[in-house]
Amino acid sequence: MSPVRFAAGDYRHALGQYPTGVTVITARGPDGGKIGVTANSFTSVSLDPPLVSWCPSKTASSLPELENATYFAVNVLAADQHHLSRRFATSAQEVRDKFEGVAIRAGIGGLPLIEGAVARFQCRTVRRVEAGDHVIFIGEVQNYDANGGEPLVFHSGTYHIVTAHPGQ
Ligand SMILES: Cc1cc2nc3c(=O)[nH]c(=O)nc-3n(C[C@H](O)[C@H](O)[C@H](O)COP(=O)(O)O)c2cc1C
């Protein structure tokens, strides 16, 4: 049976109707270098044990280093951190230092934790699953903190801020 093929732009448009938060996944490379990739594929998977997932593209230039890293951190961006979303969505091959001027502190194993994020989850990768043109990373949360605040939202290809529904 041949795989289903959709018109790429139209299919992306349909997927984009599902709003998400925006995260920057961070890690340390084998040489200690800082890795950071914008991702909206973050999902909570299990509460007990506490498992989360995210999906890097097989074309992400950071993928080899991410696959070698023991830990990753999920930094859930605040509404006023949209510039960080753009910065970390630029390939590491195009930016000399994605972290230049970004306030961070060190987590487990030196994980870069972005200051001002509304929540941060420090995870140990427990499984990776090949899935088409992406890889599903499953991480067990080792530590987290949540300062709260207004999150950044991504919907239909643009950034949004949350407004409470008047009908509740
Ligand atoms: C809002 C948003 C969400 C994104 N989500 C993902 C994602 O879940 N997985 C992924 O591989 N790339 C995602 N990207 C694209 C990557 O951030 C982008 O390809 C980045 O250049 C990868 O960095 P690298 O090439 O340094 O590895 C997203 C980009 C944006 C703007």
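1. In this note, Ala, Val, Leu, Ile, Met, Phe, Trp, Tyr, Cys and Pro count as nonpolar, Asp, Glu, Lys and Arg as charged, and the others, Gly among them, as polar. The model is predicted.

2. Start with the largest pocket. About 1,400 Å³ of space lies in it. It is lined by 40 residues, and the closest to its centre are Arg12, Leu15, Asn40, Ser41 and His134. Helix 1 (8–15), strand 3 (34–39), helix 3 (82–88) and strand 11 (152–155) are the elements that each give two or more residues to this lining. Helix 1 gives the most, with 5 residues.

3. How do the residues of the lining of the largest pocket divide into nonpolar, polar and charged? There are 19 nonpolar, 17 polar and 4 charged residues.

4. Turn to the second largest pocket. Its space is about 220 Å³. Of its 15 lining residues, Lys34, Ile35, Ala92, Arg96 and Lys98 are the closest to the centre. Strand 3 gives the most to this lining, with 3 residues. The lining of the second largest pocket holds 4 nonpolar, 5 polar and 6 charged residues.

5. Next, the surface. Val4, Phe6, Tyr11 and Leu15 form a nonpolar patch there. Together these four residues have about 450 Å² of accessible area. Val4 sits in the segment before helix 1. Is Val4 buried or exposed? Its relative accessible area is 62%, and exposed means over 50%, so Val4 is exposed.

6. Look at Pro49. It lies in the loop between strand 4 (43–46) and strand 5 (51–54). A cis peptide bond joins Asp48 to Pro49, with omega about 5 degrees. The relative accessibility of Pro49 is 35%, which makes it partly exposed. How far apart are Pro49 and Val141 in sequence and in space? They are 92 residues apart in sequence and 8.5 Å apart in space, C-alpha to C-alpha.

7. Ser156 is in the loop between strand 11 and strand 12 (158–161). With 36% relative accessibility, Ser156 counts as partly exposed.

8. Now the charged pairs. Side chains of opposite charge can pair when their charged atoms come close. How many salt bridges does the structure hold? It holds 7. The next points take some of them in turn.

9. Lys58 and Glu130 meet through their side chains in a salt bridge, at 2.7 Å from N to O. Lys58 lies in the loop between strand 5 and helix 2 (63–68), while Glu130 lies in strand 9 (residues 119–131), so the pair ties together parts that are 72 residues apart in sequence. Lys58 is partly exposed, at 37% relative accessibility. Glu130 is exposed, with a relative accessible area of 61%.

10. Arg128 forms a salt bridge with Glu67. Their closest N and O atoms are 3.9 Å apart. Why does this pair tie together parts that are 61 residues apart in sequence? Because Arg128 lies in strand 9 and Glu67 lies in helix 2. Arg128 counts as partly exposed at 41% relative accessibility, and Glu67 counts as partly exposed at 30%.

11. Arg124 forms a salt bridge with Glu140, and the closest N and O atoms are 3.6 Å apart. Arg124 is in strand 9 and Glu140 is in strand 10 (residues 134–145). The two are 16 residues apart, and the pair links distant parts of the chain. Arg124 is partly exposed, with a relative accessible area of 32%. Glu140 is partly exposed too, with 22%.

12. Which residues are linked in a network of salt bridges? They are Arg105, Glu115, Arg120 and Asp145.

Note on methods
Residues are numbered from 1 along each chain as its sequence is written. This is a predicted model: local features need pLDDT of at least 70, side-chain atom pairs count only at pLDDT 80 or more; totals for chains, interfaces and linings use all residues. Side-chain values use heavy atoms; hydrogens and water are left out. On a 1 Å grid over the protein atoms alone, a cavity is a set of points where a 1.4 Å probe fits but cannot get out, and a pocket is an open set with protein on both sides within 12 Å along at least five of seven lines; lining residues have an atom within 4 Å of a point. Grid points are joined across faces, edges and corners, and a volume is the space filled by probe spheres set on the points. Helices (H or I, at least four residues) and strands (E, at least two) are DSSP runs, numbered from the N terminus. Patches are made of residues with over 30% relative accessible area and no salt bridge: like charges are joined within 9 Å, nonpolar side chains (Val, Leu, Ile, Met, Phe, Trp, Tyr) within 5 Å. Accessible areas come from the Shrake-Rupley method with a 1.4 Å probe; for residues, only the protein chains shown count as cover. Buried means under 20% relative accessible area, exposed over 50%, partly exposed in between (1.4 Å probe, protein chains only).
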